[in-house]
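Please read the following note with the model open beside it. The points move from the overall architecture to one particular site.

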Amino acid sequence: IAGGIALGAAVDYLNDVGMDHIAAYEHELLDYGTQQLKTIEGLKIFGDVLNKAAVISFNVTTLHPYDIGTIVDKLGIAVRTGHHCAQPVMERYQVPGTVRASFAFYNTKEEIDIMVQALQRAVSMLS
């Protein structure tokens, strides 16, 4: 019963915030994050297309995604690294994995700025 009650409360909360508002804000975060990440020299974004979820997968030059992920984690930034359930296609294109940042309606542009600063620090440490 507790799970059903919690799900109902979560749905009520999302409806109160407004799904259209959430989608628009997450798209705004995606656009902002994409532009900020593109300022990092050597950073390549995978899947930079229209109408995508607020998720950015990327690598930086020849640096291994796990190394980047480990450093930014130590700097307090949560990103995912790995194949993200796409190992066959990554093997096909010889991509060792990617770093993935995900944004949601509870994130801010300031948090994206902090993430970019941590990534820049990781890149400078590993280069």
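The numbered points below concern a predicted model.

1. Secondary structure. The protein contains five helices and four strands. Read from the N terminus, these elements follow the order α-α-β-β-α-β-α-β-α.

2. Overall dimensions. The C-alpha trace spans about 50 × 35 × 30 Å along its principal axes. The accessible surface amounts to about 8100 Å², and carbon and sulfur atoms account for 55% of that surface.

3. The largest pocket. Its volume is about 260 Å³. How many residues line the largest pocket, and which of them lie nearest its centre? The lining consists of 15 residues, and those nearest the centre are I77, A78, S102, N107 and M115.

4. Origin of the lining. Two elements, β4 (98–102) and α5 (109–126), each give two or more residues to the lining of the largest pocket. The largest share comes from α5, which supplies four residues.

5. By residue class, the lining of the largest pocket comprises nine nonpolar, three polar and three charged residues. The student may wish to locate these classes on the displayed model, starting from the residues nearest the centre, including I77 and M115.

Methods
Residues are numbered from 1 along each chain as its sequence is written. This is a predicted model: local features need pLDDT of at least 70, side-chain atom pairs count only at pLDDT 80 or more; totals for chains, interfaces and linings use all residues. Side-chain values use heavy atoms; hydrogens and water are left out. On a 1 Å grid over the protein atoms alone, a cavity is a set of points where a 1.4 Å probe fits but cannot get out, and a pocket is an open set with protein on both sides within 12 Å along at least five of seven lines; lining residues have an atom within 4 Å of a point. Grid points are joined across faces, edges and corners, and a volume is the space filled by probe spheres set on the points. Ala, Val, Leu, Ile, Met, Phe, Trp, Tyr, Cys and Pro count as nonpolar, Asp, Glu, Lys and Arg as charged, and the others, Gly among them, as polar. Accessible areas come from the Shrake-Rupley method with a 1.4 Å probe; for residues, only the protein chains shown count as cover.
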